[in-house]
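Welcome! Have a look at the sequence and the fold below, then read on for a short tour.

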Amino acid sequence: MKFTITRSTFLKTLNDVSRAISTKTTIPILTGLKIVLNDTGLVLTGSDADISIESTINAADESNDLQIGSTGEIVLPARFFSEIVKRLPESTMTVEVKDNFQTVITSGASEFTIRGEDANNYPRLPEITADEALSVPADVLRQLINQTVIAVSNQESRPILTGVHLTITGDQLVAVATDSHRLSQRTLTLPAASNIDYDIIIPGKSLTELSRMLGDDVTKIEIRIAENQVLFVFGQTAFYSRLLEGNYPDTSRLIPTSSNTQAEFDAPALLASIQRASLLSHESSNNVVRLVLNIGEQRATIYGNSPDVVQPIRLCDQQFLCSKHLAYRLRSYYMKDALQGFGQTAIEVDFTAPLRPFTLVPTEDKEKFIQLITPVRTF
């Protein structure tokens, strides 16, 4: 196998594929990068058994400047090979595989020789033959992921909660995640109705890596779902993820259907106030801040751990308040994560009682996005 290519093009694809390669795996060959060169282009593959990423560099695209000498395939040590490519001196590079999998990488006057492995020993990617594919705008899917993945659990004791629960019925896609202390649910209307209902759980780590790969140059994503795998296809990249097995808890019963106190805030202003109030809170109170609603004075106040850190926050002009005076102890990072998901908009916060969960929704399209946070108990 031998090819010459523009180094920047190769490095961009290599960086994307490397997201799926881990140094900690029970299958040693998965620490390597699989490279397949055929008459149509160069295919790079990385996998850690949970996530697999395959990306193609087309020979027909002149901007890639891919020159094929001879076809073949090899598995190279990913970490070492990546460091070599990053430090090559010229804008182009040549890779040639010789006898006994000895691989020579040259660029200008620099030359490296490393030993690869037989690509036939590399595990095959899953074959997903779903008849129907879903097409979703990339920016919408990226937003949906960022708004829900914040609430997945990082506790392996309940592995089912480390994923995002996706249900698709007709033209409605509902994504929900919870770690039992907070919940985030986003509803998306698909461009076209699906004839098949789906109920799957995708690991949060997989969705986080997928979101990072969705740059501004990606406009559409095709989603294919199989029995234990999901495939996202965009551009020249295929992103595979295993699905979590088990039944996700019924989260609909966790969301309050009524409230006795409602307040409207400007999300960026509330976020900034919490960030200031929490500056000293992390040192001794586990990032807890206190939110006090003074109904009589029509205002809210956020208290940090220090008596010198007090942040008054103005309620929006349009508000619906009862006659109660309420105080809540909150984990600041829960609030920060939730508020960042709303962006530059106004939100409605619905309260019931100081120790009961409260919800945050945008003032427009309330049924499309909801977050729930449980206050911190003082005893």
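## A strand and its partners

Strand S11 (residues 163-169) runs antiparallel to strand S14 (residues 198-203), and 6 bridges join them. Helices (H or I, at least four residues) and strands (E, at least two) are DSSP runs, numbered from the N terminus, and two strands pair if DSSP finds at least two bridges between them. This is a predicted model: local features need pLDDT of at least 70, side-chain atom pairs count only at pLDDT 80 or more, and totals for chains, interfaces and linings use all residues. Residues are numbered from 1 along each chain as its sequence is written, and side-chain values use heavy atoms, leaving out hydrogens and water.

**Around S11**
- Opposite His-165 you will find Ile-201 of S14.
- S11 also pairs with strand S12 (residues 172-178), in the antiparallel sense, over 5 bridges.
- Ile-168 has Leu-173 in S12 as its bridge partner.
- The S11 and S12 hairpin has 2 residues between the strands, and Gly-170 takes a positive phi near 60° there.
- In S11, 5 of the 7 residues are buried (under 20% relative accessible area, 1.4 Å probe, protein chains only; exposed is over 50%, partly exposed in between).

**Glu-209**
- Helix H4 (residues 204-213) holds Glu-209.
- Glu-209 counts as buried because its relative accessible area is 16%.
- Beyond neighbours within four places in sequence, Glu-209 is in contact (heavy atoms within 4.5 Å) with Arg-19, Ile-51 and Phe-239.
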